[in-house]
Amino acid sequence: MARIGEIMNKVLIITDSTCDLTDEIVKEYNIKVIPLHITFGEESLNDGIDITLPELYKRVEEEKIMPKTAACAPGEFIEILEPYIEEGYDIFYIGIGGKLSTTYQSYQIAAEEFDEGRCYSIDGSNLSTGTGLLVLKACKYRDAGMSAKEIKERLERRVSRIKSQFVVKSLDYLHRGGRCSSLVKILGGALRLRPMIVVREGKLKVGKKIIGLMKKAVGVMTDMFIKDLPNIDPEFVFITHTTECEQSVADIEAIFKANGVYDKVKHVYETNAGCVIGSHCGPGTIGILYLMKDELEEEEFDDDKL
């Protein structure tokens, strides 16, 4: 933190639309969100601004074409960053993982256009509210008076402690997007296969292959969280989903209540996935995302004192 008498620049926290944070959270924590892009043929749309996820699914069903997703370009970052740099802000950026999108590389290229020491970032190696968890931690550090450089140093050791997992209701969108074969889709439909997708080491992997009703799959995922509960960071937990998830949300909330989660976690947020995330996994997909405790963090920095 800044020493007494030392003048420190204000810090702007920037992320991208794949963080899947609600407008209310973005406003409350003063976060700048840059949209990624959705393309239908030659038409390019800004995620969450020009198109919502229900609208995207409607177009897919009506037009029978799958959209593509596109990263932010370096020029877009430069255009957004420049006014803030001129106003005296230092920048800290964390967005979708570098192995999942070229957006992080675009930011790094853009940062080189400004003086050294003005633009900082880390590769969060995650997506959706897995990234959102790190964004909110960055905001807490900023509000505690840390510089952009100190925020970077604090967050780097927390990246590997994020747990992100989603249960996919149907293999249809994974198949349409070329992420599973026709044979797997047919067999998966017949067996009611509900894959659990996890983010590990910055990559999407199949964590479990659950056969049966969606309720069973959601229960397996929620039980994993309950086992981790004694060792999670108790500040933020996210239930993040696409469309057609009302029953799955209710099932998770019932298990949370039965296990005292709402008494043990300060903020349990329910959020909707954006178009970039939702276009890859389809309706009915739901996840639980949280951060494991960092013992060193607890010794050095008490969030309750903010």
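Colleague: How many bridges join strand β9 to β10, and which way do they run?
Modeller: This is a predicted model. In it, eight bridges join β9, residues 193–200, to β10, and the two strands run antiparallel.

Colleague: What sheet has β10 and β9 in its order?
Modeller: An open sheet of six strands, in the order β10-β9-β8-β13-β11-β12. The pairing in that sheet is mixed.

Colleague: Which strands stand at the edges, and what is left on one side of each?
Modeller: The edges are β10 (203–211) and β12 (267–272). Each has a single partner strand, so one side of each has no neighbour in the sheet.

Colleague: By how much are neighbouring strands of this sheet turned against each other?
Modeller: By 20° on average, ignoring direction.

Colleague: Which strands does helix α5 lie across?
Modeller: Helix α5, residues 128–143, lies across β8 (162–167), β11 (232–241), β12 and β13 (286–292). Its direction is at about 140° to β11.

Colleague: And which strands does α10 touch?
Modeller: Helix α10, residues 246–258, packs on the sheet and touches β11, β12 and β13. The angle between α10 and β13 is about 40°.

Colleague: At what angle do α9 and α10 pack?
Modeller: At about 35°, with the axes 10 Å apart. The crossing of these helices is right-handed.

Colleague: Which residues in α9 meet α10?
Modeller: On the α9 side they are M214, K215, V218, G219, M221, T222, F225 and I226. Their counterparts in α10 are S248, D251, I252, I255 and F256.

Colleague: Which residues in α9 are buried?
Modeller: M214, A217, V218, G219, M221, T222, F225, I226 and D228.

Colleague: How far does α9 reach from its first C-alpha to its last?
Modeller: Helix α9 covers residues 214–228, which is 15 residues, and reaches 22 Å. That is close to the 21 Å expected at 1.5 Å a residue.

Colleague: Changing topic. What is the order of the open sheet that three strands form?
Modeller: The order is β4-β3-β5, with antiparallel pairing. The edge strands are β4 (43–46) and β5 (68–70), and each pairs on one side only. The twist from one strand to the next averages 30°.

Colleague: How many bridges are there between β3 and β5?
Modeller: Three, with β3 being residues 37–40.

Colleague: Now S106. Where is its place?
Modeller: S106 is in helix α4, residues 103–111.

Colleague: Buried or exposed?
Modeller: S106 has a relative accessible area of 7%. Buried means under 20%, so S106 counts as buried.

Colleague: What does S106 touch?
Modeller: Leaving out residues up to four places away in sequence, S106 touches C72, A73, P74 and F77.

Colleague: Last, the whole chain. How many helices and strands does its secondary structure come to?
Modeller: There are 13 helices and 13 strands. The chain has 306 residues, and 53% of them count as buried.

Colleague: What does the accessible surface come to?
Modeller: About 14,700 Å², and 50% of that belongs to carbon and sulfur atoms.

Colleague: What share of the contacts with a separation of 6 or more comes from residues 24 or more positions apart?
Modeller: Such residues account for 77% of those contacts in the chain.

Definitions and conventions. Residues numbered from 1 in each chain as written. Predicted model: local features only at pLDDT ≥ 70, side-chain atom pairs only at ≥ 80, totals over all residues. Heavy atoms only, no water. Helix = DSSP H or I, 4+ residues; strand = E, 2+ residues; numbered from the N terminus. Buried < 20%, exposed > 50% of the residue type's maximum accessible area, 1.4 Å probe, protein only. Contact = heavy atoms within 4.5 Å. Expected span 1.5 Å × (residues − 1). Pairing = 2+ DSSP bridges. Axes fitted to C-alpha atoms, helices over the stretch in contact; angles between N-to-C directions. Areas by Shrake-Rupley, 256 points an atom, 1.4 Å probe, with all protein chains shown as cover. Left-handed = near helix turned anticlockwise from the far one by under 90°.
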